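Please open the model in your viewer and keep the selection tool at hand. The stops below say what to select next and what is there.

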Amino acid sequence: MAQQNESPPQDIRGLSDDFHNDDMIIVTAPYVDQLDLLAGTSALAGDELTEDLRGQIGDSLTSLPGVSSTSFAPGASRPVLRGFQGPRVRVLTDGIGSLDASNTSVDHAVTIDPLTAQRVEILHGPAVLLFGGDAIGGAVNVIDKRIPRDIPDDAVHLDAIGGFGSAADDWSAAGSIDIPLSSKLVIHADGSFRDTSDVRVPGFVLAPDLRADLLADAEEETEEGHLDEAEELTEAANQSGYIPNTASSTTTAGAGIAFIDDGGNLGFSVSYYDSNYGVPSRPGAGHHHGEEEGEEEEEGEEEEGPVTIGLEQIRADLRGGVNIGGFFKALNFRAGYSDYTHTEFEGDEIGTVFTVSGIEARAELVQSENDLAGGSWRGVIGTQVLVRDFNAIGAEAFVPKNSLESWALFTLQEADFGDIELEGALRFDQTNISANSINFDRSFNTVSGALGLAYAPDNAAFKIGANLSRSERAPSAEELLSNGPHIATQAFEIGNPNFTTEKSWGGELYARWDSDAVQLSATVYANFFNDYIFETETGAEQDELPVFQYFQRDATYYGFEASASVVVAKLGGFDLIADGVADYVRAKIDNDGGPVPRIPPLRLLGGIKAHSDNLDLRAELEWSGSQNKVTAFETPTDSFTMVNATAAWRPFGKEGGVTLLASANNIFDVNARRHASFTKDYVPLSGRDFRVSAKFSF
């Protein structure tokens, strides 16, 4: 067990080991006693996180309500929240951005390894404004322990996890060690490794419409006497059994040290992330570098090889807090620095090199709880700074070298009047984006705010409430400055340097029930955008690539998400638990502009679980509906139903420190595709996948 100080400013209770503790904790902002007061959170931790571990954080969270994934490739996948992705979803490590290039394009990996995560949280509502006014869809916060939060009682505390998945020969392992050097000083070290082969899938790799197009093209080439081209197209159309060029390998390492006592804490860590992964090619598409008209391929020139990405990130993090006393009880601060490079290879040749160096820092003054008109009042006031330099070098540098500088002021205030709870947040951001090579320099001032009201009677299990928000987002550098071919997405991407800020009004109504035997949650929400920025295929071609262009229009999102868990019986020492998740989002461009691209369809997930201190057995069924509400050049996605089963055995009991897990995913080997994926027509989800893993903590 870990020793906790009485009230360290950055304490997050219940985190006693690195790998997936089951205890409930206070979420990232410890200065708010209940960050889910009005906003609501969902999270993965413990055995559930272990069962869902995949190579990328996006693919590890899809069992949660309202969450899908970009699933560009097994090596690159970001979360999709309530239909939002890219810059509208903040992906955080302990409250600080991942400081990589994952938000610039769907083919770029997130440099957060789920293997080393203790807990992953999805945040919505007013409290999201603590982390960014652009997080309209929400925030994903990954909590690890590279900077220790407590002093272990033991002389040495070890955690380890290892596993294997059959669908991609997925071998993974991670371990960590915490050693107290004194009653107030602790050091930490961790590392992880994952290696996969090409992903196995059932049947044909290509979606039916794309496969039919390729076979028609092959027939046309045959009629014209181009037999080699026809053979190549036919071979691509008939590819089955596995997705070529989807293997990956990832290695991470980290070390940290922290001083912790009753007056505060100070910690520092350094980490390294290295990943190499394949980028599947769209069959029938080539890699083009804008040859001049009439220029012909030289005789004997070798065909370009498969596209792969190799990336590295070196990162340093700082976290601390000081207890003050008085109106402000604590000062907390957090900072991160990243040096990131990734290279897109065409075979053995270097195509384009992307570099990102950045610093993000935040500081918060935490208010003491005070009496207010028969109730209580607490809050936080803070500031945040981000400086990022981005560069792309090579034939397909679709975004010019640019710099981003932003700073923000924010506050979150909460008041509790017995049965009535109030929450308000306000945030101001100033963002400057410059690209000297094209004489571009623009600044954006944005203001975002949110209000919430909840009714939660004392000693009652239910809560109902409403949130209202007004958000404003500065366009990203990619939305403003893209203008060129992008090798990995096989698209010619075009931005608009004249975009204005994106504004939206949002609202949600929710109801929750939380008792020992029943947990229910349901939320309906809507967002109304002015000057919404989106990217879609235009039907044009440039450099023999499809043109994807950013546009700005008004848009509307609305949907719901719900979850339930009910103890339906107690049999022979087991609790029999039925649970389920449902989510749906509809998004459209106003004034008959059609659907927003890549919006997930209706999804239902239900399961039954037998739970005891030593053994868990679970079976579940996931149904994803078809998506036929598509843009002009977007293809529909068929529905699918997958059946999964898991077992978790704790041979020495709940506190024994050992858990053995086994699971069978997609048992009936169905062909499934995520509509939110840019590559869904040629990168289906994996087929039948048997997984085993072991987790140790002692």
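**A tour by selection**

Begin with V270, which counts as partly exposed because its relative accessibility is 39%, where partly exposed lies between buried, under 20% relative accessible area, and exposed, over 50%, with a 1.4 Å probe and protein chains only. This is a predicted model, in which local features need pLDDT of at least 70 and side-chain atom pairs count only at pLDDT 80 or more, while totals for chains, interfaces and linings use all residues. Residues are numbered from 1 along each chain as its sequence is written, and side-chain values use heavy atoms, with hydrogens and water left out.

V270 sits in strand β16; strands (E, at least two residues) and helices (H or I, at least four) are DSSP runs numbered from the N terminus. Strand β16 (264-279) and strand β15 (248-261) each supply at least two of the patch residues, and the largest share, three residues, comes from β16.

Next, select helix α2, residues 208-223, where L210, R211, L214 and A218 are buried. Seen down the axis of α2, these buried residues fall within an arc of 100 degrees, so they line one face of the helix, the arc being that of the directions from the helix axis to the C-beta atoms. The face turned away from the buried side of α2 carries the exposed residues P208, E219 and E223. Among what covers the buried residues are β13 (200-204) and α3 (227-237), contact meaning heavy atoms within 4.5 Å.

Then turn to R82 and E508, which form a salt bridge with their closest N and O atoms 3.0 Å apart; the term means a side-chain nitrogen of Lys or Arg within 4 Å of a carboxyl oxygen of Asp or Glu. R82 lies in the loop between β4 (79-81) and β5 (89-93) and E508 in strand β28 (residues 502-514), so the pair ties together parts that are 426 residues apart in sequence. Both R82 and E508 are buried.
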